[in-house]
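Welcome, and thanks for opening your viewer. Let's walk through this model together, one selection at a time.

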Amino acid sequence: MDAMLLNGRKAMLTGIPGDLVSLSRVHKVYGGGIAGVHALHDIELHVATGEMVTVCGPCGSGKTSLLNIAGMLDIASEGNVVIASLLVSRLSEQARADLRGEMIGFVFQSFSLIPVMTARENVLLPLLLRGSLAQGELSAAHDRADALLAQVGLATQAQHYPSKLTASQCQRVAIARALVTRPRLVIADEPTSRLDNGCIRLVMDLFSRQQQEQGTAFLISTRDQRQLSRADRTLQLSEGRLQSLPSTGSRRPLRVQL
Ligand SMILES: Nc1ncnc2c1ncn2[C@@H]1O[C@H](COP(=O)(O)OP(=O)(O)OP(=O)(O)O)[C@@H](O)[C@H]1O
Ligand SMILES: [Mg+2]
């Protein structure tokens, strides 16, 4: 695998070849002293290219803390985080943001839609943040945003603002936005928490198609056991500690050459 050049500097190559995400001996402590909260303990997590990994845990077990660190939205208090063979602690904030924009689609637990943008504009945003698009690219981007909205059952809501959408619809806009750049890795924090059974199936079918057709890797947190059968691997998070559950997935993870 080639080293990536970020901000003109060659970042350090490390990690296990084939792993897209690798967390080793990761701890997360919020605050300090007697009031400090030890949210993650000695985490070992490896996600291969094209693999779907689900992290299942109850409220407050550390799911968001773990996903934020894997997605470089937060930094570990201790331990190593390696994304696409780059040691995250060696990257500047700007380089982390660039890498995130280039290869990760993130579904936030609280959706984080922009209220003054329509559903379509929210979905388009990650593409627009990459830089200005030529006329032909812009129309292709619009088509892609509309196609993704249709795939999550929102074909007729493209022009609606978040304030006019239900929680289920907002969550599906957030899911479409995470996929619009065709990222190599999707990190989704409880992406089906507000969906009914029909919509859960729709979204998990979409995730499975992306995984199979484009070799996208997924790291998904959930409190919902119904999602587990789609995963190649399921991990249980309990009070900040991670352990493997017996495999429930029927597929082998794809090993796509980078
Ligand atoms: N910014 C923060 N400052 C202090 N403590 C925090 C912060 N974020 C999370 N925590 C604490 O860390 C622990 C893990 O929280 P986290 O949000 O990661 O859990 P979670 O599994 O995502 O919970 P939920 O299912 O409610 O979303 C909790 O005890 C929480 O109170
Ligand atoms: Mg959470």
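Before the first stop, a word on geometry: axes are lines fitted to C-alpha atoms, for helices over the stretch in contact, and angles run from 0 to 180 degrees between N-to-C directions. Helices (H or I, at least four residues) and strands (E, at least two) are DSSP runs, numbered from the N terminus. You are looking at a predicted model, in which local features need pLDDT of at least 70 and side-chain atom pairs count only at pLDDT 80 or more, while totals for chains, interfaces and linings use all residues. Residues are numbered from 1 along each chain as its sequence is written, and chains are lettered from A and ligands numbered from 1 in the order in which they are written.

**Stop 1: two helices side by side**

Select helix α5 (residues 167–179) and helix α6 (residues 197–214). Their axes come within 12 Å and cross at roughly 5°. That makes α5 roughly parallel to α6 (angles under 35 degrees count as roughly parallel, over 145 as roughly antiparallel, 65 to 115 as roughly perpendicular and the rest as oblique). Now show the side chains at the contact: S168, R172, I175 and L179 come from α5, and C199, V203 and Q210 from α6. Two residues are in contact here if their C-beta atoms, placed from the backbone, lie within 7 Å. By class, this contact of α5 with α6 holds four nonpolar, two polar and one charged residues. In this scheme Ala, Val, Leu, Ile, Met, Phe, Trp, Tyr, Cys and Pro count as nonpolar, Asp, Glu, Lys and Arg as charged, and the others, Gly among them, as polar.

**Stop 2**

Which residues make the contact of α3 with α5? On the α3 side they are A119, N122, V123, L125 and P126, and on the α5 side V173, A176 and R177. Sorted by class, the contact of α3 with α5 has six nonpolar, one polar and one charged residues.

**Stop 3**

Helix α3 (residues 119–129) and helix α4 (residues 135–151) pack at about 120°, and their axes are 9 Å apart. That makes α3 oblique to α4. From α3, the residues A119, R120, V123, L124 and L127 meet A141, A145, D146, L148 and L149 of α4. The contact of α3 with α4 counts eight nonpolar, no polar and two charged residues.

**Stop 4: the six-stranded sheet**

Switch to a cartoon view and look for an open sheet of six strands in the order β8-β9-β10-β5-β11-β12, with mixed pairing. Two strands pair if DSSP finds at least two bridges between them. The edge strands, β8 (104–107) and β12 (241–244), each pair on one side only. On average, neighbouring strands of this sheet are turned by 20° against each other, direction ignored. Zoom in on β8 and strand β9 (residues 185–189), which pair in the parallel sense over four bridges. Here F106 stands opposite I187 in β9. Helix α1 packs on this sheet, touching β5 (52–56), β9, β10 (217–222) and β11 (233–238), and its direction makes about 160° with that of β9.

**Stop 5: the four-stranded sheet**

Now find the open sheet of four strands, ordered β4-β3-β6-β7, where the pairing is antiparallel. Its edge strands are β4 and β7 (86–87), and each pairs on one side only. Pick out β3 and β6, which pair in the antiparallel sense over five bridges, with S24 opposite N80 in β6. Then move to strand β6 (residues 78–83) and β7, joined in the antiparallel sense over two bridges; I83 stands opposite L86 in β7. Where does this hairpin have a positive phi? In the hairpin of β6 and β7, with two residues between the strands, A84 takes a positive phi near 50°. Helix α1 turns up at this stop too, lying across β3 (19–30), β4 and β6 and running at about 130° to β3.

**Stop 6: the ligand**

Finally, select ligand 1. It is surrounded by 13 residues, the closest being Y30, A39, K63, T64 and S65; a residue is near a molecule or strand if its C-beta atom, placed from the backbone, lies within 6 Å of it. The elements giving two or more residues to this shell are β4 (37–48) and α1 (63–70), and α1 gives the most, with three residues. Colour the shell around ligand 1 by class and you will find four nonpolar, eight polar and one charged.
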